[in-house]
Amino acid sequence: MPLRRIHYVDPETGKGLIFLTNDMLLPAIVIAQLYKARWYVELFFKWIKQHLRIKAFYGTSENAVKTQLWISVCVYLLVAILKKRMVLS
């Protein structure tokens, strides 16, 4: 399978990044933007694992996963608010 090597310099950080892809049709900038978006998704899941402590999903449908994530985020925020209020009291 042929691979395409893309070199991209991030204008925000000035870092040079190299991507390998098997997509020969999309422009290089689109490939770089897709990888950047994917990185944000990875960071979000890392945050979920570190803070929400979800061991397993109880359902497999999209709605079940979204519901469990939203409940976990709400509980996390409620606990953070309570901790802040207890410190201020």
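**Exercise 1.** Is Ile81 buried, partly exposed or exposed?

Solution. The model is predicted.
Step 1: Find the residue; Ile81 sits in helix H2.
Step 2: Read its relative accessibility, which is 44%.
Step 3: Compare with the cut-offs: buried is under 20%, exposed is over 50%, and partly exposed is in between. Ile81 therefore counts as partly exposed, at 44%.
Step 4: As a further exercise in locating Ile81, take Val30, 51 residues apart from Ile81 along the chain. The C-alpha atoms of Ile81 and Val30 are separated by 40 Å.

**Exercise 2.** State how many salt bridges the structure holds, and describe each pair.

Solution. 
Step 1: The count is two salt bridges.
Step 2: One joins the side chains of Glu12 and Lys36, at 3.5 Å from N to O. This pair links distant parts of the chain, 24 residues apart: Glu12 is in the loop between E1 and E2, and Lys36 is in helix H1.
Step 3: Check the accessibility of both partners. Glu12 counts as exposed because its relative accessibility is 63%. Lys36 has 29% and so counts as partly exposed.
Step 4: Another salt bridge joins the side chains of Glu62 and Lys66, at 2.9 Å from N to O. Both residues lie in helix H2 (residues 62-88), four residues apart, which is about one turn of the helix.
Step 5: Glu62 counts as exposed because its relative accessibility is 56%. Lys66, at 45%, counts as partly exposed.

**Exercise 3.** Examine Asp10: where is it, and which side chain of opposite charge is nearest?

Solution. 
Step 1: Asp10 is found in the loop between E1 and E2.
Step 2: The nearest side chain of opposite charge is that of Lys36, 4.1 Å away.
Step 3: A salt bridge needs a nitrogen and a carboxyl oxygen within 4 Å. Asp10 has no salt bridge, although it is buried.
Step 4: Look for other partners. A polar atom of the Asp10 side chain lies 3.1 Å from the backbone nitrogen of Glu12. Leaving aside neighbours within four places in sequence, Asp10 is in contact with Lys15 and Lys36.
Step 5: Compare with Exercise 2: the side chain of Lys36 meets that of Glu12 in a salt bridge.

**Exercise 4.** Describe the largest pocket: what is its volume, and which residues lie nearest its centre?

Solution. 
Step 1: The volume of the largest pocket is about 270 Å³.
Step 2: Its lining consists of 13 residues; Leu17, Phe19, Tyr35, Lys36 and Trp39 lie nearest the centre.
Step 3: Assign the lining to elements. Those giving two or more residues are strand E2 (16-21) and helix H1 (28-51). H1 gives the most, with eight residues.

Note on methods
Residues are numbered from 1 along each chain as its sequence is written. This is a predicted model: local features need pLDDT of at least 70, side-chain atom pairs count only at pLDDT 80 or more; totals for chains, interfaces and linings use all residues. Side-chain values use heavy atoms; hydrogens and water are left out. On a 1 Å grid over the protein atoms alone, a cavity is a set of points where a 1.4 Å probe fits but cannot get out, and a pocket is an open set with protein on both sides within 12 Å along at least five of seven lines; lining residues have an atom within 4 Å of a point. Grid points are joined across faces, edges and corners, and a volume is the space filled by probe spheres set on the points. Buried means under 20% relative accessible area, exposed over 50%, partly exposed in between (1.4 Å probe, protein chains only). Lys and Arg count as positive and Asp and Glu as negative; His and the chain ends are not counted. A polar contact is a pair of N or O atoms within 3.5 Å; within protein, one must be able to donate a hydrogen and the other to accept it, and residues adjacent in sequence count only if both atoms are side-chain atoms. Contact means heavy atoms within 4.5 Å.
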